[in-house]
Amino acid sequence: LCANSNLKNVALELGGKGPNITFKDAGLEQAGKCCIAGSCIFVQERIYDEFLKCFTEKSQSIKVGDPFAPHTFQGPQKEGAKVHIGDERHGNDGYFIQNMRIMKEEIFGSVSVVIKFGDEEDLGRQANDEVCGLVAAVFTKDMNRAITTAHKLKAGMVWVNCYALSNPNVPLGGYKQSVIGQEIGEYALANYAVKVNLELKVM
């Protein structure tokens, strides 16, 4: 509820830092194409170096510059962690830094963090260590592992071997500080409805 002069119901989608998880048995080409869309990428340690190499090559092919230019993919942004590529000023005009506060906060820009994990226990500890829980994705050929991992993730929507698929009948919600209320689908109608308790005594 918002309270100043009166009370108002609100439904808020407040974002998140959803984990995109790539297990060692996932095809890197398949996972890479989708994981680029998510900014917090967990990669199992056995394929971490290979994944990072592929991801770096793809990232280096992105055109950075004037956001109004037709071929520009990424505009200006900033800040720091350990940088695999970038960290320096890009060009001489404007404020273009290939850099990152990326582990916990949603950044509206082309910024990604790639995190190594060992086993499922290690993954669960890292992937849920955030204040939000909106969406997540799991990439693996093992469907039992995918479903088990999905159930452990504190996220309102989890994709397996795909990313950003949605259906207008399916609600979008989440955990912790990601949302208040539900969006989309029948659940969203509750944001606009008032429930009335009518009690009758028959005479």
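**Entry 1: Helix H3**

Which residues of helix H3 (residues 120-127) are buried? I looked them up in the model, which is a predicted one. I found that Asp122, Leu123 and Ala127 are buried in H3. These residues lie on the same side of H3, because they cover an arc of only 115° around the axis. On the other side of H3, I noted Glu121 and Arg125 as exposed.

I then checked what the buried residues of H3 pack against. Their partners are strand S4 (19-22), strand S5 (40-44), strand S6 (113-117) and helix H4 (143-152).

I recorded Arg125 as exposed, at 54% relative accessibility, and Asp122 as buried, at 18%.

**Entry 2: Helix H2**

I turned next to helix H2 (residues 48-60), which has 13 residues. From its first C-alpha to its last, H2 reaches 18 Å, close to the 18 Å expected at 1.5 Å a residue. Its buried residues are Tyr48, Phe51, Leu52, Phe55 and Thr56. Seen down the axis of H2, these buried residues fall within an arc of 135°, so they line one face of the helix. Lys53 and Gln60 are exposed on the other side of H2.

I found a salt bridge here as well: Glu57 pairs with Lys53, and their closest N and O atoms are 2.9 Å apart. Glu57 and Lys53 are separated by about one helical turn, because they are four residues apart in H2. The general rule I wrote beside this is that an α-helix has 3.6 residues a turn, so residues three or four places apart point the same way. Glu57 counts as partly exposed at 45% relative accessibility, while Lys53 counts as exposed at 51%.

**Entry 3: Salt bridges**

How many salt bridges does a search of the whole structure find? I counted four. One of them joins the side chains of Arg145 and Asp25, at 3.5 Å, N to O. Arg145 is buried, with a relative accessible area of 17%, and Asp25 is partly exposed, with 23%. I also noted that Asp25, Glu120 and Arg145 are linked in a network of salt bridges.

Asn161 has a phi of about 60° and is found in the loop between strand S9 (157-160) and strand S10 (175-176). Asn161 is partly exposed, with a relative accessible area of 27%. Ile184 has a phi near 70° and lies in the segment after S11. Ile184 is partly exposed, with a relative accessible area of 33%.

Val64 has its place in the loop between H2 and S6 and is buried, at 16% relative accessible area. The C-alpha atoms of Val64 and Gln74 are separated by 4.8 Å, although the two residues are ten apart along the chain.

**Entry 4: Surface and whole chain**

Which residues make the nonpolar surface patch of about 530 Å²? I listed Val194, Val196, Leu198 and Leu200. Val194 lies in the segment after strand S11 (179-180) and is exposed, with a relative accessible area of 72%.

For the whole protein chain, I recorded four helices and eleven strands. Of its 203 residues, 35% count as buried. The chain exposes about 13,300 Å², and carbon and sulfur atoms supply 53% of it.

Methods. Residues numbered from 1 in each chain as written. Predicted model: local features only at pLDDT ≥ 70, side-chain atom pairs only at ≥ 80, totals over all residues. Heavy atoms only, no water. Patch = residues over 30% accessible without salt bridge, like charges linked within 9 Å, V, L, I, M, F, W, Y side chains within 5 Å. Areas by Shrake-Rupley, 256 points an atom, 1.4 Å probe, with all protein chains shown as cover. Helix = DSSP H or I, 4+ residues; strand = E, 2+ residues; numbered from the N terminus. Buried < 20%, exposed > 50% of the residue type's maximum accessible area, 1.4 Å probe, protein only. Arc of directions from axis to C-beta. Contact = heavy atoms within 4.5 Å. Expected span 1.5 Å × (residues − 1).
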